[in-house]
Amino acid sequence: MKLLDKILSRFKNQDNGKISIESINELFRSTASRALGSDLSEITYFTCLKALSESIGKMPIYLMDQSKNRIMNHDTMRLFNVQPNPYMSPIQFFTTMECFRNHYGNAYAYIQADSRGRFTGLYVLPPQSVQIWVVDTDPFIKRRYYYYYTDVKSGKSYWFRPEEIIHVKSWITGRDGMAGKSVREILASNMSGSKASQQFLNDLYQKGLTANAVVKYVGDLSREKQSILLNRIEEQARENGRRLITLPIGFDIQTLDLKLTDSQFYELKKYNAVQIAAAFGIKPNTLNDYSKSSYANSASQNLSFYVDTLLYNISLYEQEFNRKLLTTAELEKGLSYKFNVQVILRGDPSQQADILQKYVASGIYSPNDARRLLDLPPVDGGDVHIINGSMVDVKDVGIAYRMKGGDG
């Protein structure tokens, strides 16, 4: 039985012989996403996603040859620098891809090409609507796999070959390495506790920081009348921020003193936030935690963020683009994609001027190279590399003192 026949047979068995879009969507919908719900309401998780997604989104990407010259006449340059698809700008494309990669563990984009093989579009696919199907009867070294995408708006389904899909995944994958796992799946229990603490604070603020109170009265009330009384007291307390409420004769209300400092609530919440951030590779200063930071420390944390976190993420995209968007002939010529990390590594103006001056003085940059990094136009004669004329070859060090003859 063919693979498609097996799929249709499964759907028919589940739906009494009838195939429905609902049964297909239900089968392919992620169980993890249904169980976990939205974690974006947790502020630490949201901040980590924001930092990682924006860091990838704001870095331009170039196609370079083996001599590090930029290639501008490639199909993908318009997609990466102007418009990847009719709905997104390049920064939105990369931001969305990185957000999906972290939130779902996988990010997918369909590579559209015309009849002549030229790339015409990159379309982001919702990860919860994509499944990876593997032909498990093939030998493991030649095992074929396909991407199955269900468009929830139209109800149509599509099969894609691996070369038609850009697939970037998280650093941790399943046993076969085909699909990635998200941080929220791995830290599900930790995330649940963090969201519960956030919800507790929200309820506390809504109730005027008096989350617990005892109503005293003489006599007895049925369960229904107790509910009516308590609901009426809560309604009075929330009406237009009033600070006074009315009670029947013989009733009294006493608040329970709730001190968050006594329970070390903020310390535990802060510790939990740092743990979640650490799982993403986010530094404390990104969470506005400057308790152990200085200006110099923050600068080193930014560099550490690039080396320890972003460098791996950048390599994921570069390697996936190289193998999916470049032909074998282009790879043999030394072409490769490269993100411009200078965007995030720029220091303050004095640091940047000092670095550029050293690069120009040592002949690594020409003056126009340095001006280009400062978004300044080139000047005539600025493409010449200059260096201090007093420098000599290592083998010629001291030759002036060993030479005989001459003046003196």
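Two strands count as paired if DSSP finds at least two bridges between them. Helices (H or I, at least four residues) and strands (E, at least two) are themselves DSSP runs, numbered from the N terminus. With that in hand, welcome to the structure. This is a predicted model, in which local features need pLDDT of at least 70 and side-chain atom pairs count only at pLDDT 80 or more, while totals for chains, interfaces and linings use all residues. Residues are numbered from 1 along each chain as its sequence is written, and side-chain values use heavy atoms, with hydrogens and water left out.

Let's begin with the whole protein. Its secondary structure comes to 16 helices and 10 strands. Of the 408 residues, 32% are buried; buried means under 20% relative accessible area, exposed means over 50%, and partly exposed lies in between (1.4 Å probe, protein chains only).

Strands β4, β5 and β6 form an open sheet of 3 strands in the order β4-β5-β6, with antiparallel pairing. At its edges are β4 and β6 (157–160), each of which pairs on one side only. From one strand to the next, the twist averages 25°; axes here are lines fitted to C-alpha atoms, for helices over the stretch in contact, and angles run from 0 to 180 degrees between N-to-C directions. Strand β5 (residues 145–150) joins β6 in the antiparallel sense over 4 bridges. Within β6, F160 is the bridge partner of Y147. In general, strands of a sheet pair through backbone hydrogen bonds, either parallel or antiparallel.

Next comes S129, placed in the loop between β3 (119–125) and β4 (130–134). S129 counts as buried because its relative accessible area is 8%. Leaving aside residues up to four places away in sequence, S129 touches Y148, Y149, T150 and V152, where a contact means heavy atoms within 4.5 Å.

Another loop, between β1 (61–64) and α5 (75–81), holds K68. The phi of K68 is near 70°, a positive value in a residue other than glycine. Most residues other than glycine have a negative phi. K68 counts as exposed because its relative accessibility is 58%.

Finally, turn to helix α14 (residues 349–361), where Y359 is found. Y359 is partly exposed, with a relative accessible area of 33%.
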